[in-house]
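Subject: The model, and what I found in it

Hi,

Here is the structure I promised to send over. Have a look at it first, then read on for my notes.

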Amino acid sequence: MAFNVLILCTGNSARSVMAEALLGRKGGSRFKAYSAGSKPAGAVNPVGAALLEAKGYDIGTYSSKSWDVFSGPDAPKMDAVITVCGNAAGETCPLWPGAPVHVHWGFSDPAAIEGSYDEKYAAFQEIYNANEHNNEALGETVLEQLPHT
């Protein structure tokens with residue numbers, strides 16, 4: 001049985017989309033990843049999309065969407081919620097009620113980086129790498145906390 005994991009951020013255009021992509025790929029049959037935002041940007045950030053495409057992801061399967069998509073009666077029940085906003089940057093992290101496990105990965109927003117395309121791409125790569133590291137540890141930290149493991 002796969003565990004449903006919702007990854008939340010404010011804009012759902014960069015950090016949460018990359019985390020969803022990584023967890024979907026690396027989690028195999030253990031996790032079903034979703035992402036959403038409290039104030040969605042409406043589109044995946046083009047630099048983040050380019051990075052994911054370069055890593056072999058089908059970017060057409062990802063979108064920026066409201067967390068309302070996952071709050072209705074027909075929405076999948078979430079086993080875990082991960083927030084990826086950066087508290088240190090003064091962002092307000094969205095809260096998700098009723099999740100058995102809540103994890104916070106405080107990442108700075110690569111979409112906020114100003115500079116050349118290469119500088120922006122490097123910022124997205126840094127967050128992708130941090131997401132990758134956290135996804136590897138997810139099984140150890142979250143699976144043991146879930147009530148049906």
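A word on ground rules first. This is a predicted model, so local features need pLDDT of at least 70 and side-chain atom pairs count only at pLDDT 80 or more, while totals for chains, interfaces and linings use all residues. Residues are numbered from 1 along each chain as its sequence is written, and side-chain values use heavy atoms, with hydrogens and water left out.

**The sheet**

Helices (H or I, at least four residues) and strands (E, at least two) are DSSP runs, numbered from the N terminus. What order do the strands take in the open sheet? The 4 strands go β2-β1-β3-β4, and their pairing is parallel. Two strands pair if DSSP finds at least two bridges between them. At the edges sit β2 (31–37) and β4, each of which pairs on one side only. From one strand to the next, the twist averages 20°.

Here is some detail on the pairs. β1 and β2 are joined in the parallel sense over 7 bridges, and Leu8 stands opposite Ala36 in β2. At the other end, strand β3 (residues 80–83) and β4 run parallel, with 4 bridges joining them. Ala80 has Val101 as its bridge partner in β4.

Val101 and Val103 make up its covered face, while His102 and His104 are on the uncovered one. In a regular strand the side chains alternate between the two faces of the sheet.

Helix α1 lies across β1 and β2, and runs at about 170° to β2. Angles like this go from 0 to 180 degrees between N-to-C directions, with axes being lines fitted to C-alpha atoms, for helices over the stretch in contact.

**Asn12**

Next, zoom in on Asn12, in the loop between β1 (3–9) and α1 (15–26). Is Asn12 buried or exposed? Asn12 is buried, at 1% relative accessibility. For the cut-offs, buried means under 20% relative accessible area, exposed means over 50%, and partly exposed is in between (1.4 Å probe, protein chains only).

The side chain of Asn12 makes a polar contact of 2.8 Å with that of Ser16. A polar contact is a pair of N or O atoms within 3.5 Å; within protein, one must be able to donate a hydrogen and the other to accept it, and residues adjacent in sequence count only if both atoms are side-chain atoms. Leaving aside neighbours within four places in sequence, Asn12 is in contact with Val17, Ser35, Ala36, Gly37, Ser63, Ser64 and Lys65. Contact here means heavy atoms within 4.5 Å.

**Salt bridges**

How many salt bridges does a search of the whole structure find? The count is 3. The rule is a side-chain nitrogen of Lys or Arg within 4 Å of a carboxyl oxygen of Asp or Glu. Side chains of opposite charge can pair when their charged atoms come close.

- Arg15 and Asp109: the closest N and O atoms are 3.8 Å apart. This pair links distant parts of the chain, with Arg15 in helix α1 and Asp109 in the loop between β4 and α3 (117–141), 94 residues apart. Arg15 is buried at 3% relative accessibility, whereas Asp109 is partly exposed at 25%.
- Glu132 and Lys26: their side chains meet at 3.1 Å, N to O. Glu132 lies in helix α3 and Lys26 in helix α1, so the pair ties together parts that are 106 residues apart in sequence. Glu132 is partly exposed at 22% relative accessibility, and Lys26 is partly exposed at 44%.
- Asp79 and Lys77: the closest N and O atoms are 3.7 Å apart. Asp79 is buried, with a relative accessible area of 4%, but Lys77 counts as exposed at 57%.

While you are at Lys26, look across to Asn135: the two are 109 residues apart in sequence and 7.4 Å apart in space, C-alpha to C-alpha.

**Cysteines**

If you were wondering about disulfides, a disulfide is a pair of cysteine sulfur atoms within 2.5 Å, and by that rule the count is 0. Cys9 is itself buried, with a relative accessible area of 3%.

Cheers
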